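The sequence and structure come first.

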Amino acid sequence: MAKFNPTKLSLFFLPLLVSLLSAAAAAVRRHPLDSLSPDEFDLIRSLITDSLPNPSTTNVTFQYVALADPNKQSLLSWHSNPKTPPPPRRAAATVRYNSATHEILIDLGKKAIISNRVYSGPAYAPFTFEEQFAAAALPPSHPPFAAAMKKRGLKMEEVVCACFSVGWFGEKRKQKRTVKVQCYYLDGSVNLYMRPVEGVTVTVDLDQMKIIGFRDRYEAPIPKADGTDYRESMLKPPFLPPLNGIKMVQPEGPSFRVNGHSISWSNWKLHVGFDERAGPIISLASIYDIEKQKHRQVLYRAFISELFVPYMDLTQEWSYRTFFDSGEYGFGQCAVPLEPLRDCPENAVFMDTYMAAGDGRPVKMPNTFCIFERHAGDIMWRHTEGTIPNRVVRETRPEVSLVVRMVAAVGNYDYIVDWEFKQSGSIIANVGLTGLLEVRASKYTHSDQIKEEVYGALISENTIGVRHDHFLIYHLDLDIDGGLNSFVKSNLRTVRLPSSESPRKSYWTVVSETAKTEADARIKFGSQAAELGVVNPNRRTRLGNPVGYRLIPKSAAGPLMSVDDYPQIRAAFTNYDVWVTPYNSSEKWASGPYTDQSRGDDTLATWSLRNREIEEKDIVMWYTMGFHHVPCQEDFPLMPTLSSGFELRPTNFFESNPVLKATPPRPINCSICPL
């Protein structure tokens, strides 16, 4: 019999013990709002597949997997006192098997499924990459499609295809889960979107993963490949004059600190999460008040809830193209790795994230976010006083801000999403649109030839840039100084004066209205001048003003489609620029929890019809930012970035200018600068 050796036994179990302790420590350190980790994705996949009657033979697609929102009050209690237990950590998974959509809630701590509910509505969850790629690969093996390509003289190996959601246009019966597949021709260019194979449409049943429809309606010349490539290595002279080198140096490292997904910088603290539908989620943003000597709550949670992109081309191959990039394609799922020195400056710190693949396995997404301090030569504040005799007073402070960035490449478009935090207390959300246009191949080579409606502009020979919109709606859960908030509309009104009172004939004044119900807070910009703010009526400054933040849009663009048009019914959240609703954890997605083939019957617009009370409540402000895109030749072959955004700016939140005592960055001795 072998002799018992405790040393060998301890050496055998030591690695396992260390692993278990490390996992336990990681679980303890994990913030309740941290995105799901690889081990949690593995657990979710295992629990769900093991729960199936026939796991080995059942085809399961994980369409959306995310951290389930914890109870808000429980989270805030933990946040204010981390010694209290955090709320239970749970995950929500939308999976499809046996041609049914299942909503599954999982307790990650208990490693158990809490509920499994079958969704029976008419719409569907976001597409996975895997099923999009599989559907796009079907046409070349379809004989009618092969014949259509041969008829056009195209080499099949140079044909690539992409999937498009089919929308909803008044159908009464629930439709199959389908996509349209449109194809493009490479042959000398990687800019496939500038070389569409026009007139051919393939319809694919995603559940059966087979072609159920084909149409070859007409032919159009494929635009030439010359001049469409945008790769640096493929561009030929002449080039713009080169710039001298620019270097962003912080020899002492950045001024911010990253602990997991929590960030602290200057007077700000916040948490950055990731969701495969929303992308970046900013949570628990608070700012330090140097007078009150404490952090004060500003924002509970903010994210892009939906991105609606309807095209204005009414031809058969285009009329259905009314895309919901979050609810149909997963805006976060489309995040791309950020490239150091190109996408983000030299002083940036990068953050990886994870998401679930179609089979539920975790997929690492490197460099999803970059965090950096922006020092772009902007001025925080300044004044030169020359009125005092024999004296000039000059004071100025440079602007330095913190930026959290993500880029999502949703098909042809790249969206640059920035959340910027200023020492003054302002939060700026900005979105930049770049990438490639969706174009339609055409017979026209000169604008003088066009005598009909072509739904766009000729931006190159045989290339019509189709008119379209981009509407991004933000979910902004402001918690100003905690507690209950109200929405205030301050109307700027002209007052006429009798001629005897003043040489002036008019002035403007402010008349404030506090919204009592949701209907009071639906705002369309342009109807009258107004300032919009969220205030805490139970917290006031020493001068008696309620503390608050106001919304400052950079631009305004509302929908131009008729309200009874089916895409507009589905996107009715764009009917107003601003909405305010009482907080409800189930009301996250402005287009509804299920968007593919949705009918507009479970959206922000329908929730708001209940006209609930919002005065002195826990409220959410929704802001829609719009772009009307009229293409032009400068958008070819790739468009320069077009940006817009908004600012959340403190308004009577502080007792006075909070950056009066801001300290400029220390001068750098460049003898220690890295090369």
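In β13, R296 is the bridge partner of I287. The model is a predicted one. The strand that pairs with β13 here is β12 (residues 279-289), joined to β13 antiparallel by 7 bridges. The two form a hairpin with 4 residues between them, and Q293 in that turn has a positive phi of about 60 degrees.

Strand β13 (residues 294-310) is mostly covered, with 14 of its 17 residues buried. β13 also pairs with β25 and with β14. F308 stands opposite F471 in β25, while P310 has T322 of β14 as its bridge partner. The pairings of β13 are listed below.

| Partner of β13 | Residues | Bridges | Sense |
|---|---|---|---|
| β12 | 279-289 | 7 bridges | antiparallel |
| β25 | 468-478 | 8 bridges | antiparallel |
| β14 | 322-324 | 3 bridges | antiparallel |

A separate topic is the sheet that contains β5. This open sheet has 4 strands in the order β5-β6-β7-β8, with antiparallel pairing. Its edge strands, β5 (159-165) and β8 (210-216), each pair on one side only. From one strand to the next the twist averages 30 degrees. Between β5 and β6 (residues 178-185) there are 7 bridges in the antiparallel sense, and V160 stands opposite Y184 in β6.

Two helices lie across strands of this sheet. Helix α4 (residues 129-136) lies across β5, β6 and β7 (200-205) and runs at about 130 degrees to β5. Helix α5 (residues 143-151) lies across β5, β6, β7 and β8, at about 35 degrees to β8.

Terms used:
Residues are numbered from 1 along each chain as its sequence is written. This is a predicted model: local features need pLDDT of at least 70, side-chain atom pairs count only at pLDDT 80 or more; totals for chains, interfaces and linings use all residues. Side-chain values use heavy atoms; hydrogens and water are left out. Two strands pair if DSSP finds at least two bridges between them. Axes are lines fitted to C-alpha atoms, for helices over the stretch in contact, and angles run from 0 to 180 degrees between N-to-C directions. Contact means heavy atoms within 4.5 Å. Buried means under 20% relative accessible area, exposed over 50%, partly exposed in between (1.4 Å probe, protein chains only).
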